[in-house]
Amino acid sequence: MCQHKPACPTSDSADREAARLMAHHPEQGWSLLCNGVLLFEDTGELLPDGQIIAPHRPRGSGQVMTAA
Ligand SMILES: [Zn+2]
């Protein structure tokens, strides 16, 4: 799917979010990366193989999670 050179990180790479945006739909809350990953506004992800990655917004931006 990715045609960049050098190629972007693949969807199974830990670095997958570093791939470039192919489509950006902020009004719908998602972006499509060139490696096929759907990236949601809440930092959740949907991989091309159907795997779902839970949101992992970094601490310190907005709400702060408190440990139970
Ligand atoms: Zn790419």
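**Strands and hairpins**

Reply: β1 pairs with strand β2 (residues 30-33) in the antiparallel sense over 4 bridges. Strands here are DSSP runs (E, at least two residues; numbered from the N terminus), and two strands pair if DSSP finds at least two bridges between them. This is a predicted model, where local features need pLDDT of at least 70, side-chain atom pairs count only at pLDDT 80 or more, and totals for chains, interfaces and linings use all residues. Residues are numbered from 1 along each chain as its sequence is written.

Me: Which residue is the bridge partner of His25 in β2?
Reply: Look along the antiparallel pair of β1 and β2. There, His24 stands opposite Ser31. For His25, the bridge partner in β2 is Trp30.

Me: Which residue in the turn between β2 and β3 has a positive phi?
Reply: The hairpin of β1 and β2 has 4 residues between the strands, and Gly29 takes a positive phi near 85° there. The hairpin of β2 and β3 also has 4 residues between its strands. In that turn, the residue with a positive phi of about 95° is Gly36.

Me: What is the order of the strands in the open sheet?
Reply: The sheet has 5 strands with antiparallel pairing. β1 (21-25) and β5 (52-53) each have a single partner strand, so they stand at the edges. The order is β1-β2-β3-β4-β5.
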